[in-house]
Amino acid sequence: MEDSNKAEYFANKLCLAIGQSNLSISEIAKRLGLPINIIINWQQGKVFPKLSSLVKLAKVFNKNVSWFINE
């Protein structure tokens with residue numbers, strides 16, 4: 001999978017996880033210790049998170065890392 005496709009796929013999964021949760025973008029950013037704009041960039045498929053952030057994100061949503069990245 002190309003990097004741009006990987007980021008888009010991740011963005012779709014992130015939006016799905018956010019929609020299924022009661023968490024705001026600011027709450028997610030706070031739990032991850034990251035600026036809100038990073039989460040927004042992930043949501044928009046502009047960038048793919050670092051592995052360390054992906055692991056933390058999976059914990060926030062109680063999902064496996066593979067859920068976010070595997071088709």
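**Entry 1: α2 and α3**

I looked up the handedness of the crossing of α2 and α3, and the crossing is right-handed; a crossing counts as right-handed if the near helix is turned clockwise from the far one by less than a right angle, and as left-handed if anticlockwise. The model is predicted, with pLDDT of at least 70 needed for local features and 80 or more for side-chain atom pairs, while totals for chains, interfaces and linings use all residues. Residues are numbered from 1 along each chain as its sequence is written, and side-chain values use heavy atoms, with hydrogens and water left out.

I noted that α2 packs against helix α3 (residues 36-43) at an angle of about 115°, with the axes 8 Å apart. This makes α2 roughly perpendicular to α3, a term for angles of 65 to 115 degrees, whereas under 35 is roughly parallel, over 145 roughly antiparallel and the rest oblique. Axes are lines fitted to C-alpha atoms, for helices over the stretch in contact, and angles run from 0 to 180 degrees between N-to-C directions. Helices are DSSP runs (H or I, at least four residues), numbered from the N terminus.

I then listed the contact (heavy atoms within 4.5 Å). From α2, Ile25, Ser26, Ile28, Ala29 and Leu32 meet Ile36, Ile39, Ile40, Trp42 and Gln43 of α3.

**Entry 2: α2 and α4**

I found α2 and α4 packed at an angle of about 120°, their axes 10 Å apart. That places α2 oblique to α4, and the crossing is right-handed. Ile28, Arg31 and Leu32 of α2 meet Ser53, Lys56, Leu57 and Val60 of α4. The contact of α2 with α4 comprises four nonpolar, one polar and two charged residues.

**Entry 3: the salt bridge**

I counted one salt bridge in the structure, taken as a side-chain nitrogen of Lys or Arg within 4 Å of a carboxyl oxygen of Asp or Glu. Arg31 pairs with Glu27, the closest N and O atoms being 3.0 Å apart. Both residues lie in α2 (residues 25-32), four residues apart, about one turn of the helix. Arg31 is partly exposed at 47% relative accessible area, and Glu27 is partly exposed at 28%. Buried is under 20%, exposed over 50% and partly exposed in between (1.4 Å probe, protein chains only).

**Entry 4: Asn62**

I checked Asn62, in the loop between α4 (51-60) and α5 (65-69). Its phi is near 55°, a positive value in a residue other than glycine. Asn62 is exposed, with a relative accessible area of 72%.

Note on methods
Helices (H or I, at least four residues) and strands (E, at least two) are DSSP runs, numbered from the N terminus. Ala, Val, Leu, Ile, Met, Phe, Trp, Tyr, Cys and Pro count as nonpolar, Asp, Glu, Lys and Arg as charged, and the others, Gly among them, as polar.
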